[in-house]
Amino acid sequence: MKSLVSIITPVRNMAATLQRAHESVRSQGCPWQHIVVDDGSTDGTPQVVESIAEDPRVIAIRTANRGIGAALNTGLHHATGDFVAFLDADDEFLPNHLNSHLEAFLAHPDADLFWGGLEVVTDHPDDVLVPDVNAGFGFISIHECVTQGTLFVRRHVFEQIQFSEERVCFHDYDFMQKVQSLFRVRRFEEPTYRYYRNTASSVVDRLKANWPKSTPEE
């Protein structure tokens, strides 16, 4: 299935890991374009973006800092693939990530979106626990959560739904809530996305610190 996949990476101040993320894109075995949206970085990220953009398959965009939702939507505006995938600047695709998803779409032609399939890198066992956004309190395994990086989507979905550009904490959860009532969503089980939960600047860790462990009544 030789479909072009547009891969969107929003990045802000991730100079140390962006090259690694891009190299994992280069290892993929199908046609791709990598859209890197620098959301107002103040470190060495622009230099890394300039370097990887020497590859003509890379589209490099620099914007003022507007937040991850706006950065994702900017990337979508430039996407030309039949499918859209996402890659955080501190994560990696395993070599079969794109092809495995394209095969899943062949097997399930009714599907509009796949999610799931994490290989999680942690320093501590409880790093796999993340806020249970659906309940509003407590924690669940990240393997049970919709995470932006694992979304693999037919591009036509974004003609109706895009990411919120408000400063929402869980933009991927917000996006999925809108999608699942209009489109056919399936879970992807094979762990082909390497998710680093031990990144020093983890947003999840900052959220966990203030997340209620139980309901106020308990």
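I took a salt bridge as a side-chain nitrogen of Lys or Arg within 4 Å of a carboxyl oxygen of Asp or Glu. The model is predicted, so I noted that local features need pLDDT of at least 70, side-chain atom pairs pLDDT 80 or more, while totals for chains, interfaces and linings use all residues. Residues are numbered from 1 along each chain as its sequence is written, and side-chain values use heavy atoms, without hydrogens and water.

**Entry 1: Asp88**

I found Asp88 buried (under 20% relative accessible area) and without a salt bridge. Arg20, the nearest side chain of opposite charge, is 10 Å away; Lys and Arg count as positive, Asp and Glu as negative, with His and the chain ends not counted. I looked up its contacts (heavy atoms within 4.5 Å): beyond residues up to four places away in sequence, Asp88 touches Thr9, Ala21, Gln148 and Tyr193.

**Entry 2: Aromatic pairs**

I paired rings of Phe, Tyr and Trp (its six-membered ring) with centres within 6.5 Å, calling planes under 30 degrees apart stacked, over 60 edge-to-face and the rest tilted. The count comes to eleven aromatic pairs. Phe86 and Phe163 have ring centres 5.6 Å apart and planes at 85 degrees, so I recorded the pair as edge-to-face. Both Phe86 and Phe163 are buried. For Phe105 and Phe152 the centres are 6.1 Å apart and the planes at 40 degrees, so that pair is tilted. Phe105 and Phe152 are buried as well. I also noted a cluster in which ring pairs link Phe83, Phe105, Phe114, Phe152 and Phe188.

Notes. Buried < 20%, exposed > 50% of the residue type's maximum accessible area, 1.4 Å probe, protein only.
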